[in-house]
Amino acid sequence: MRTAIVIVSYNSPEMTDGLVETIRKVIKRDNDIYVIDGGERKSEEADIWFGSKKGGDIRMTKKIIAGLWYSGRIEEWQGEFLYDSYWILVNDVILQSDVLTPMMRYIERDKMEGNKAVGMIHPAIENSPCQTLLPDGKIKKVSFVEFICPLFSREVIENVDLFDGRFHYGWGLDYEIPHLLFREGYRVYVDGRVSVIHNAGTTVKMGADKDFSTISEQFKASRENMLSVLREKYGKKWGQIFLDAIPPDVEKYSYRFWVEKFTGDYIFEEGRR
């Protein structure tokens, strides 16, 4: 069985090409690599290139992800899922070892035991500000994980509509995807036995001729886009709705930490005003 490795790239094409080279060196599991590039400068490895500066042109939809063929070409999707797993990476992740194979073995063991509980599994992030997401040698259920390089089984990609293209800069997926998986009875895991580094803030190039002149401008636009989409879909109480839906066997610390640090704890109250 093979894994489709899908890299989402938005500018910094050298970083994308370097990530592809690293994957080819360190990942042992059979795989095919695809690059979805929304940057103004095309990565040499790009399979789909939108040729636009706007991140909104990166459509992380089920159709794109599921329609990847072994031939390495992007064909029109006929509803067939050709890989047993889909590993989606942003291009500013730094790999130092084969983190894919241990995570895939955990999914396979879960299936063999008849549980089918793994909706998503993610390596620990060595430089995460959230303690729950740091490497600790354990596999644990979490309520939130920064969306850097999540791994999904084919069954999950096939059965749950995970990717909303309205999250133009990627922000929001890391809140909504666990919520969607919890609703379907799945759980989200962090594999603390393996880890990556997130080179945050480097995906979008800065400068006068780019989208944003500062990283704070990028964060503001990303945050506003995320909140707009989540409010439209779930209402002003979306933060509380997501919190209340976390299953009782899953910790809530990581979700609350991320909301309070990066989104604003006021979202738990704004719907009552």
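## Report on the predicted model

Asn11 is placed in the loop between strand S1 (3-9) and helix H1 (13-26). The model described here is predicted. Asn11 is buried, with a relative accessible area of 4%. Between Asn11 and Asp37 the C-alpha to C-alpha distance is 7.7 Å, although 26 residues separate the two in sequence.

### The chain as a whole

The protein chain contains eight helices and nine strands. It has 273 residues, of which 55% count as buried. Contacts between residues at least 6 apart in sequence join residues at least 24 apart in 73% of cases.

How many residues of S1 are buried? Seven of the seven are, so S1 is largely enclosed by the rest of the structure. In a regular strand, side chains alternate between the two faces of the sheet. In S1, Thr3, Ile5, Ile7 and Ser9 point one way, while Ala4, Val6 and Val8 point the other way, and all are buried. S1 pairs with strand S2 (residues 31-37) in the parallel sense, over seven bridges. Within this pairing, Ile7 has Val35 of S2 as its bridge partner.

Strand S6 (residues 118-125) has eight of its eight residues buried, so S6 is largely enclosed by the rest of the structure. The pairing of S6 with strand S9 (residues 187-198) is parallel and comprises seven bridges. In this pairing Val118 stands opposite Arg187 in S9.

Lys116 belongs to the loop between helix H3 (100-112) and S6. Its phi is near 50°, a positive value in a residue other than glycine. Lys116 is exposed, with a relative accessible area of 61%.

Two packed helices are described by the angle between their axes and the distance between the axes. Helix H5 (residues 173-183) packs with helix H6 (residues 215-234) at an angle of about 30°, and the axes are 11 Å apart. That angle makes H5 roughly parallel to H6. From H5, the residues Tyr175, Glu176, His179, Leu180 and Arg183 meet Met226, Leu230, Lys233 and Tyr234 in H6. An α-helix has 3.6 residues a turn, so residues three or four places apart point the same way.

Of the 11 residues of H5, 10 are buried, so H5 is largely enclosed by the rest of the structure. The buried residues are Leu173, Asp174, Tyr175, Glu176, Ile177, Pro178, His179, Leu180, Leu181 and Phe182. Just after H5, Gly185 adopts a positive phi of about 90°.

In H8, the buried residues are Ser254, Tyr255, Phe257, Trp258, Val259 and Thr263. These buried residues of H8 pack against H5, H6 and helix H7 (238-244). Gly264 follows H8 and has a positive phi, near 110°.

### Aromatic pairs

The model contains 14 aromatic pairs.

Which parts of the chain does the pair of Phe144 and Trp258 tie together? Phe144 lies in the loop between strand S7 (139-141) and strand S8 (151-153), and Trp258 lies in helix H8 (residues 253-263), so the pair ties together parts that are 114 residues apart in sequence. Phe144 and Trp258 are both buried.

Tyr234 and Phe242 are both buried.

Ring pairs link Phe144, Tyr175, Tyr234, Trp238, Phe242, Tyr253, Tyr255, Phe257, Trp258 and Phe262 into a cluster. Tyr175 and Tyr234, two members of this cluster, are also among the residues through which H5 and H6 meet. Tyr255, Phe257 and Trp258, likewise in the cluster, are among the buried residues of H8.

Terms used:
Residues are numbered from 1 along each chain as its sequence is written. This is a predicted model: local features need pLDDT of at least 70, side-chain atom pairs count only at pLDDT 80 or more; totals for chains, interfaces and linings use all residues. Side-chain values use heavy atoms; hydrogens and water are left out. Rings of Phe, Tyr and Trp (its six-membered ring) pair if their centres lie within 6.5 Å; planes under 30 degrees apart count as stacked, over 60 as edge-to-face and the rest as tilted. Helices (H or I, at least four residues) and strands (E, at least two) are DSSP runs, numbered from the N terminus. Buried means under 20% relative accessible area, exposed over 50%, partly exposed in between (1.4 Å probe, protein chains only). Two strands pair if DSSP finds at least two bridges between them. Contact means heavy atoms within 4.5 Å. Axes are lines fitted to C-alpha atoms, for helices over the stretch in contact, and angles run from 0 to 180 degrees between N-to-C directions. Angles under 35 degrees count as roughly parallel, over 145 as roughly antiparallel, 65 to 115 as roughly perpendicular and the rest as oblique.
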